[in-house]
Amino acid sequence: MAVITGGGRGIGRAITLRLVRHGWHCVIAGLEEADLKETSTLGDPLGRSIRTVTCDIATDDGRRAIKQAWAASFESLNLLVNCAARTTGIPLFEPSLEAWRDELETNVVAMAALSSWAVEVMKEQRDGVVINIGSVYGSLGLNHRFYEGEYPGDGDSGPVHIPAYHASKGAVAALTRDLAVVAGQWNVRVNTISPGMIQTPERTFGDERVRRFVEATPLHRMGRPEDVAAVVEFLASADASFVTGAEWVVDGGWSIW
């Protein structure tokens with residue numbers, strides 16, 4: 001049984017659909033009820049394998065709702081996928097502390113809280129997997145030439161970047177390593193998957209931007225949500241039973257040069 005945050009769209013949806021297709025039961029959480037219902041309809045038209053929770057994981061109430069949905073339907077917890085994330089452009093000279101807090105609460109604090117809960121449950125089972133979805137931007141700076149027009153240059157408030165997102169995704173990898181050290185004694189594995197340039201229905205790129213990304217990618221294509229989902233399935237399987245504390249970069253080689 002799996003819990004997946006951000007399961008209503010994009011990468012989270014692809015992860016959910018792949019797992020359900022291979023026999024998993026899932027609780028999926030997200031902000032938009034319509035998105036969650038669409039994922040459920042696509043993957044589980046009979047309503048037997050997917051439970052949906054409309055909530056904000058950045059709040060105590062939201063995380064409590066996820067735990068309650070799991071407890072009401074399942075006895076075991078085999079997999080937690082922390083996929084939900086927020087991204088906001090923030091000017092350098094007049095940064096919004098509220099925007100910083102919102103992103104860190106969702107991308108790091110919620111992930112830490114849910115991971116601690118999952119490890120506590122899995123400890124009793126002596127088995128389980130936590131997968132945290134990071135980003136190549138956890139270790140890279142933003143290159144404006146790929147995002148022309150999306151993030152404004154130097155204005156009165158300074159250039160706009162996504163520093164909170166970068167900081168939060170760097171924290172994801174660090175959190176994963178520390179959790180893996182502790183959880184390993186209970187046969188609980190914790191890993192990070194860091195996607196690169198992934199096109200989703202919600203996050204599409206214009207033709208010129210796609211061309212630039214493809215030219216900068218050794219495998220010469222954009223990533224798909226299904227590319228990430230496949231790695232999730234592997235890391236959740238017995239085939240990865242000796243893999244923990246690792247960061248799996250899924251970017252077609254984009255970040256290696």
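This is a predicted model: local features need pLDDT of at least 70, side-chain atom pairs count only at pLDDT 80 or more; totals for chains, interfaces and linings use all residues.
Residues are numbered from 1 along each chain as its sequence is written, and side-chain values use heavy atoms, with hydrogens and water left out.

**The whole chain**

Switch to a cartoon, where seven helices and nine strands can be followed; these are DSSP runs numbered from the N terminus, helices (H or I) having at least four residues and strands (E) at least two. The C-alpha atoms fill a box of roughly 55 × 40 × 35 Å along the principal axes. Of the 257 residues, 49% are buried, where buried means under 20% relative accessible area, exposed over 50%, and partly exposed in between (1.4 Å probe, protein chains only). Among contacts (heavy atoms within 4.5 Å) between residues at least 6 apart in sequence, 73% join residues at least 24 apart.

**Helix H4**

Next select residues 97-125, which form helix H4, with 29 residues and a reach of 40 Å from first C-alpha to last, close to the 42 Å expected when 1.5 Å is multiplied by one less than the number of residues. Centre on Glu105, where H4 bends by about 45°, the angle being taken between axes fitted to the seven residues ending there and the seven starting there. Just after H4, Arg126 takes a positive phi of about 60°.

**The aromatic cluster**

Now select Tyr137, Phe146, Tyr147, Phe205, Phe213 and Trp254, which form one aromatic cluster. Rings of Phe, Tyr and Trp (its six-membered ring) pair if their centres lie within 6.5 Å, and planes under 30 degrees apart count as stacked, over 60 as edge-to-face and the rest as tilted. By this rule there are nine aromatic pairs. Phe205 and Phe213 have ring centres 5.4 Å apart and planes at 75°, so the pair is edge-to-face. Phe205 is buried at a relative accessible area of 10%, and Phe213 is buried at 0%. Moving on from Phe213 to Trp254, the centres lie 6.1 Å apart with planes at 70°, so this pair is edge-to-face. The pair links distant parts of the chain, since Phe213 lies in helix H6 (residues 207-215) and Trp254 in the segment after strand E9 (247-250), 41 residues apart. Trp254 counts as buried, at 8% relative accessibility.
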